[in-house]
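Have a look at the fold, then read on.

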Amino acid sequence: MRLLLLGCTGFIGKELVPTLLNENHEIYIVSRKPISKLKLTLDFNKFKFVQIDLSKEQNWNNENLLNILRDIDGIINLMGEPIAEKKWTYAQKQEIENSRINTTKFMMNTLKNYKITPKVIINGSAIGYYGTSLSGEFNENSIGGKDFLANLCKKWEAVAEKKPFFSRLVIFRIGIVLEADGGALGKMLPIFKVGLGGPIGDGMQWMSWIHRSDFCSLITQALVDQKYSGVFNAVAPNPVLMRDFSQTLGKCLNRPNLLPVPGAVLKILLGDGAKVVLEGQKVISSKLKNYNFKYPLLEKAIYASTKN
């Protein structure tokens with residue numbers, strides 16, 4: 001397939017792009033950053049690249065971009081400012097929201113205005129849709145939460161639903177993506193490796209996770225398999241408590257797991273964003289029960305990520 005990739009140049013894109021190329025898909029990558037700043041360690045001749053800022057509505061009328069859109073079979077849209085990188089000031093919340101909702105809205109409007117109908121559109125969302133909970137369990141049929149992230153995901157998904165009528169839409173509510181070279185695990189590894197690791201907060205919050213390889217495989221399957229339509233929770237089948245995550249990480253690295261990170265420290269660093277990490281949510285997928293995860297268990301996932 002000919003695929004347009006949005007927001008696929010960072011942590012997930014590092015594995016997703018090579019995975020798609022190995023499946024013989026033809027790739028167009030769009031980024032506002034120059035190609036030299038991409039985190040992709042790939043031969044640049046293997047994909048086509050367009051540098052353009054799609055957060056600006058007028059740029060969707062770019063003739064080069066329109067020609068690509070007319071020529072593609074599918075779109076993968078994972079665009080969005082990282083959630084837990086900076087303190088949630090008012091401006092940062094606006095950036096988190098606009099980078100997802102506006103870009104997706106501009107894309108859907110462009111497709112409709114120019115009567116372009118890709119076969120499939122894969123759009124990101126997050127398990128933040130369900131809000132945080134220390135005791136509840138959520139699946140794809142659960143109602144959404146009421147906090148900032150839940151409302152953000154609801155708006156993002158509602159905009160994605162305005163896709164062209166004949167395009168198949170797959171929305172992945174993504175859990176905590178694990179791999180050693182980035183994301184939550186990438187941040188924790190250096191601390192654990194020097195023996196200073198421990199759970200965040202009281203350790204009783206749920207972590208619903210997925211290994212990056214499994215998420216990339218899910219995307220490649222959803223591109224070609226008509227059974228994938230609608231919303232799916234992109235999470236491994238076995239969520240864990242933060243204290244168990246921390247213990248497993250320490251065990252895999254043969255390092256102690258002694259020094260918890262106080263919730264108050266996290267609140268200073270992330271403000272309201274600390275709530276996501278300190279409260280978490282237990283999310284499973286009722287729609288992926290028969291999916292063959294390569295890493296269904298945390299220990300196997302962490303061991304695979306840290307063995308290098």
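Setting aside neighbours within four places in sequence, Leu 5 is in contact (heavy atoms within 4.5 Å) with Val 17, Leu 20, Ile 27, Tyr 28, Ile 29, Val 30 and Ile 76. Keep in mind that this is a predicted model: local features need pLDDT of at least 70, side-chain atom pairs count only at pLDDT 80 or more, and totals for chains, interfaces and linings use all residues. Residues are numbered from 1 along each chain as its sequence is written, and side-chain values use heavy atoms, with hydrogens and water left out.

Leu 5 also turns up in the largest nonpolar core, which has 35 residues; along with Leu 16, Ile 76, Ile 122 and Phe 172, Leu 5 touches the most other members. A nonpolar core here is a set of buried Ala, Val, Leu, Ile, Met, Phe, Trp, Tyr and Cys residues joined through side-chain atoms within 4.5 Å. Buried means under 20% relative accessible area, exposed over 50%, and partly exposed in between, using a 1.4 Å probe and protein chains only. Two or more core residues come from each of E1, helix H1 (13–22), strand E2 (26–31), E5, E7, helix H6 (212–224) and E11. H6 gives the largest share, six residues. These helices (H or I, at least four residues) and strands (E, at least two) are DSSP runs, numbered from the N terminus.

## The sheet

Seven strands make an open sheet with parallel pairing, in the order E3-E2-E1-E4-E5-E7-E11. Strands pair if DSSP finds at least two bridges between them. At the edges sit strand E3 (48–51) and strand E11 (230–234), each pairing on one side only. From one strand to the next, the twist averages 20°.

Strand E1 (residues 2–6) runs parallel to strand E4 (residues 74–77), and four bridges join the two. Leu 5 stands opposite Ile 76 in E4. Helix H4 packs on the sheet, touching E4, strand E5 (120–126), E7 and E11, and its direction makes about 170° with that of E5. For that angle, axes are lines fitted to C-alpha atoms (for helices, over the stretch in contact), and angles run from 0 to 180 degrees between N-to-C directions.

## Either side of H4

Ser 142 is in the loop between strand E6 (137–138) and H4. Buried or exposed? Ser 142 is buried, with a relative accessible area of 18%. A polar atom of its side chain lies 2.9 Å from the backbone nitrogen of Asn 139. Not counting residues up to four places away in sequence, Ser 142 touches Tyr 129, Tyr 130 and Glu 137.

Lys 162 belongs to the loop between helix H4 (148–160) and strand E7 (168–174). Lys 162 is exposed, at 54% relative accessible area. With residues up to four places away left out, Lys 162 touches Met 108 and Lys 112. Lys 112 is 50 residues away along the chain, yet the two C-alpha atoms are separated by 9.1 Å.

## Cysteines

How many disulfides are there? The count comes to zero, taking a disulfide as a pair of cysteine sulfur atoms within 2.5 Å. Cys 216 is in no disulfide either, with the nearest cysteine sulfur, that of Cys 8, 9.1 Å away. Cys 153 counts as buried at 3% relative accessibility, and Cys 216 counts as buried at 1%.

Technical notes. Polar contact = N/O pair within 3.5 Å; in protein donor to acceptor, adjacent residues only side chain to side chain.
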